[in-house]
Amino acid sequence: MTRALIIIDVQNDFTEGGALAVEGGAAVAGAISALLAAHPHSYEHIFASRDWHDAEGGNNGHFAVDAEPDFVDTWPVHCVADTAGAEYHPALVMPESTVHIRKGQGQPGYSIFDGVDDAGTKFGELLIAAGVTDVDLVGLATDYCVRASGLDALAHGQHVRVFTNLVAGVAPGSSEQALAELAHAGAVLATSELAAQA
Ligand code: VGL
């Protein structure tokens, strides 16, 4: 068994004060860092994703252009490539060895499986190359990118745990629904206490 930690979109725009702030986002950043500090050897592989949208063109309907966002399918402009909003939250401290994935260039790109590393290799190929069989999922937002990434990981045959104390969502109802959907699809809902036993 080879386990990876997958940190989804802990970026300035998804945390308090950002363009698409998720309540509790900054606390999640700090808590993930605390987990990594307390258990530096629990994970052989760590992947972190960033939403990395194009400034122009609406990213295939993802940005509300000339309309109000509905906060379900259309969103305020957020996480534009190479802007401060797209950077990791400063409280997120990750080891040097973390593999960085960017996604959403010209498309909604909710799932980390839509993303690539700096060399352009797809995330799914990186997981296979690393021999990863089990993933622990944390980050933002529960009801969108965490949900989509978890469902894709299950579809790729991974054993998935979601640490419910290390995620935060756009809205309570859809976050609850996303966790239920993930559990139904085969994910284990747990807290990060389990990382100590990893
Ligand atoms: C996300 C809404 C819009 C996310 C991204 O990271 O969960 N949510 N774009």
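Here are some friendly questions and answers about the salt bridges in this predicted model.

Me: Are Asp 9 and Lys 103 buried or exposed?
Reply: Their side chains meet in a salt bridge, at 2.8 Å from N to O. Asp 9 lies in the loop between strand 1 and helix 1 and Lys 103 in strand 3, so the pair ties together parts that are 94 residues apart in sequence. As for accessibility, the term for both Asp 9 and Lys 103 is buried.

Me: Which residue forms a salt bridge with Arg 102?
Reply: Arg 102 sits in strand 3, and its partner sits in the loop between strand 3 and helix 2, 16 residues apart. Arg 102 is partly exposed, at 25% relative accessible area. With the closest N and O atoms 2.9 Å apart, the partner is Asp 118.

Me: How many residues apart are Arg 147 and Glu 181?
Reply: The side chains of Arg 147 and Glu 181 meet in a salt bridge, at 2.7 Å from N to O. Arg 147 is partly exposed at 27% relative accessible area, and Glu 181 is partly exposed at 31%. Arg 147 belongs to helix 3 and Glu 181 to helix 4, and this pair links parts of the chain at a separation of 34 residues.

Note on methods. Residues are numbered from 1 along each chain as its sequence is written. This is a predicted model: local features need pLDDT of at least 70, side-chain atom pairs count only at pLDDT 80 or more; totals for chains, interfaces and linings use all residues. Side-chain values use heavy atoms; hydrogens and water are left out. A salt bridge is a side-chain nitrogen of Lys or Arg within 4 Å of a carboxyl oxygen of Asp or Glu. Helices (H or I, at least four residues) and strands (E, at least two) are DSSP runs, numbered from the N terminus. Buried means under 20% relative accessible area, exposed over 50%, partly exposed in between (1.4 Å probe, protein chains only).
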